[in-house]
Amino acid sequence: MKKVYGFTVDDETRCTHYQTKKDIIAIKFKCCDKYYPCYKCHAEAEDHKPILWERTEYDEKAVLCGVCRKEHTIDEYLHTDRCLRCASLFNEACEYHYHLYWKR
């Protein structure tokens with residue numbers, strides 16, 4: 001099972017910053033190869049700035065479903081609104097933060 005770092009508040013990767021029913025993903029940060037629930041958790045726990053995933057790296061497994069723990073590639077995640085294994089819905093508002101994780 002992949003470890004999720006940061007300030008989680010439950011077993012589905014919700015954190016102190018984002019806690020809606022759909023806030024169930026963790027993102028692997030390229031800079032430290034660790035899953036965090038959000039960019040705020042990463043900023044509070046690490047002493048370095050994040051490195052964005054390049055478009056050529058969208059085949060990397062870097063998005064973790066907090067419900068079933070399936071790892072999605074960045075490309076898979078960007079082209080769906082739910083987990084490809086358990087069909088749990090992802091938060092569509094996360095799109096506002098894409099620029100903090102990967103280059104578009």
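In the predicted model, Cys15 is buried, with a relative accessible area of 1%. The cysteine sulfur closest to that of Cys15 belongs to Cys38, at 3.7 Å, which is too far for a bond. Cys41 is likewise buried, at 0% relative accessibility. Its closest cysteine sulfur is also in Cys38, and the separation of 3.8 Å is again too far for a bond. A disulfide requires sulfur atoms within 2.5 Å, and the count of disulfides is zero.

The structure contains nine aromatic pairs. In one of them, the ring centres of Tyr5 and Tyr36 lie 6.0 Å apart with their planes at 45°, so the pair is classed as tilted. Tyr5 is located in the segment before β1 (25-29) and Tyr36 in strand β2 (residues 34-36), so this contact ties together parts that are 31 residues apart in sequence. Tyr5 is partly exposed, at 29% relative accessibility, whereas Tyr36 is buried, at 1%.

Phe29 and Tyr101 form an edge-to-face pair, with 5.6 Å between centres and 70° between planes. This pair links distant parts of the chain, since Phe29 belongs to strand β1 and Tyr101 to the segment after α2 (74-78), 72 residues apart. Both Phe29 and Tyr101 are buried.

Lys3 lies over the face of the Tyr5 ring, at 4.9 Å from the ring centre. The charged end of Lys34 sits over the ring of Tyr5 as well, 4.9 Å from its centre.

Notes:
Residues numbered from 1 in each chain as written. Predicted model: local features only at pLDDT ≥ 70, side-chain atom pairs only at ≥ 80, totals over all residues. Heavy atoms only, no water. Buried < 20%, exposed > 50% of the residue type's maximum accessible area, 1.4 Å probe, protein only. Phe/Tyr/Trp six-rings, centres within 6.5 Å; stacked < 30°, edge-to-face > 60°. Helix = DSSP H or I, 4+ residues; strand = E, 2+ residues; numbered from the N terminus. Lys NZ or Arg CZ within 6 Å of the ring centre and 35° of its normal.
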